Amino acid sequence: MKNLNHFLLLMLFLSVVSCKKDNITYDEYEIINLFTQQISPPIPPPPPDFKNWDKLAEEKRLKMMEEFSKKDSIEKSKLNFTIYFKDSLTALEKDFKNKLFEEHIGFEKFLLKEIDDDLTVSKKIDLKKLKFPPNIKVVQNIDKESSKWDDTFLGKYWVSRIIFNSERTKAVVEFNQICGHLCGGGSKVYLSKTGGKWKIIHVFGSWVS
């Protein structure tokens, strides 16, 4: 009986260690949620009835666009939209280090950093722990043909594995979206943790379709 108890305790310990290794960390979920909470329908260009648009001063145009965007946002908040969000952080390629060429104060250690083998493997996400705007529904069984998407489907989104510094106070990640045929793009996002919270510091486009 004593040996059985030792065996059960050992199995419990191994299962806890295994789960801890495979799970997304709190920091990773916080970073992912910075992106998911900002997903929204694209803002359309100003309507054609904006008179003399090209002749307006920049300040006036910005103010009109702000008012137009606010009105458009209010209208869209009444509608429901659907997205596909990949249920794993996608693996990084070994040459990802060659894409980190921007020189920013505090991120020098990331430049040409060797990618750990662990980061070249995808990592499962619990979608229930992600936060999305209330009018956005996440689905996993969409048709892969973008030609069949309708106006309420915003697109496919996915996030790469996240590179942290040794102190876990700075991070780099790639956020991607496909919104249809020849429509999509990805961005490298640089983040810093201050006051216990992650904040986006720099965003740079890494690809566009």
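## A buried phenylalanine and its partner

Phenylalanine 85 has a relative accessibility of 0% and therefore counts as buried (under 20% relative accessible area; exposed is over 50% and partly exposed in between, with a 1.4 Å probe and protein chains only). The model is predicted: local features need pLDDT of at least 70 and side-chain atom pairs pLDDT 80 or more, while totals for chains, interfaces and linings use all residues. Residues are numbered from 1 along each chain as its sequence is written, and side-chain values use heavy atoms, without hydrogens and water.

## Aromatic pairs

The structure holds six aromatic pairs. Rings of Phe, Tyr and Trp (its six-membered ring) pair if their centres lie within 6.5 Å; planes under 30 degrees apart are stacked, over 60 edge-to-face, and the rest tilted. Phenylalanine 85 and phenylalanine 132 are edge-to-face, because their ring centres are 5.6 Å apart and their planes stand at 75°. Phenylalanine 85 belongs to strand S1, whereas phenylalanine 132 lies in the loop between strands S3 and S4, 47 residues apart.

Tryptophan 158 and tryptophan 207 form a stacked pair, with centres 6.3 Å apart and planes at 25°. Tryptophan 158 is in strand S5 and tryptophan 207 in strand S9, so this pair ties together parts 49 residues apart in sequence. Tryptophan 207 is partly exposed, at 29% relative accessible area. One aromatic cluster consists of Phe35, Tyr157 and Phe175.

## The protein as a whole

The protein has three helices and nine strands (DSSP runs numbered from the N terminus: helices are H or I with at least four residues, strands E with at least two). Of its 209 residues, 34% count as buried.
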